[in-house]
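Here's a quick briefing to read with the model open beside you.

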Amino acid sequence: MSINLVKGQKIDLRKNDGSKLTAFCVGANWGAIEKKGFFGNKKMEAVDLDLSVGLFNKEKNLVNVVYFGNLQERGIYHSGDDLTGDTDGDDGLDNEIISINLAEVPSHVEQIVFVLNSYEGHDFAIVPFASIRLYEGTPSRVNKIVATFNIASDPQFAGYVSMVLGKLYRRNGEWKFSAIGQPTRDRKLEQTLATIQNRFL
């Protein structure tokens, strides 16, 4: 059974048998925007969201960023940039995926924070669907979904073009995950990372 996360919920990274979950993927899935074209025809407008992670040390300083322009850090790998979203409706697949192997993450990294930024400035109130999921498997194969976190289109997100999704953090020698789901008005990834440093660590 996978967990449907709600904002603020924290989970231990463990498998069903109680063993630690150390290698997994975090995928983001989102839809294109449907618009009316000429003569009532439907037209799909591509949505370019960017899944990124900021890596912070115990002093809460940013030590690295994994995103479409820097695809890897030790133990963390980005699948690459998706420029459109699901233009034919939800295909059930993730548009961008970050693979994590916690055993290989540098020891000075204490928190790994996941964010979605709208590259073209589409606000989250009009993106038809957006979600992240944490699963065992590879970027091309889902073995077992551990947790999902839906960020549905919602009027409360109007004007927001960046979303702090959640974070992995060390606690007493173990990694845990916290769902955040907080929108921000930051236009650029650098600004979102500064907001994380000030508000979410």
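Two strands count as paired if DSSP finds at least two bridges between them; strands (E, at least two residues) and helices (H or I, at least four) are DSSP runs, numbered from the N terminus. This is a predicted model, where local features need pLDDT of at least 70, side-chain atom pairs count only at pLDDT 80 or more, and totals for chains, interfaces and linings use all residues. Residues are numbered from 1 along each chain as its sequence is written, and side-chain values use heavy atoms, with hydrogens and water left out.

**Around β15**
- Strand β2 (residues 10-12) runs antiparallel to β15, joined by three bridges, and Lys10 has Ser178 in β15 as its bridge partner.
- On β14, nine bridges make an antiparallel pairing with β15, with Met163 opposite Pro183.
- β14 and β15 form a hairpin with two residues between them, and Asn172 in the turn has a positive phi of about 55°.
- Nine of the eleven residues of β15 are buried, so β15 is largely enclosed by the rest of the structure. Buried means under 20% relative accessible area, exposed over 50%, partly exposed in between (1.4 Å probe, protein chains only).

**Helix α1**
- In α1 (residues 189-199), Leu189, Thr192, Leu193, Thr195 and Ile196 are buried. They sit on the same side of α1 because they cover an arc of only 160° around the axis, taken from the directions from the helix axis to the C-beta atoms.
- Glu190 and Asn198, on the other side of α1, are exposed.
- The buried residues of α1 pack (heavy atoms within 4.5 Å) against several strands, including β14 (162-171) and β15 (174-184).
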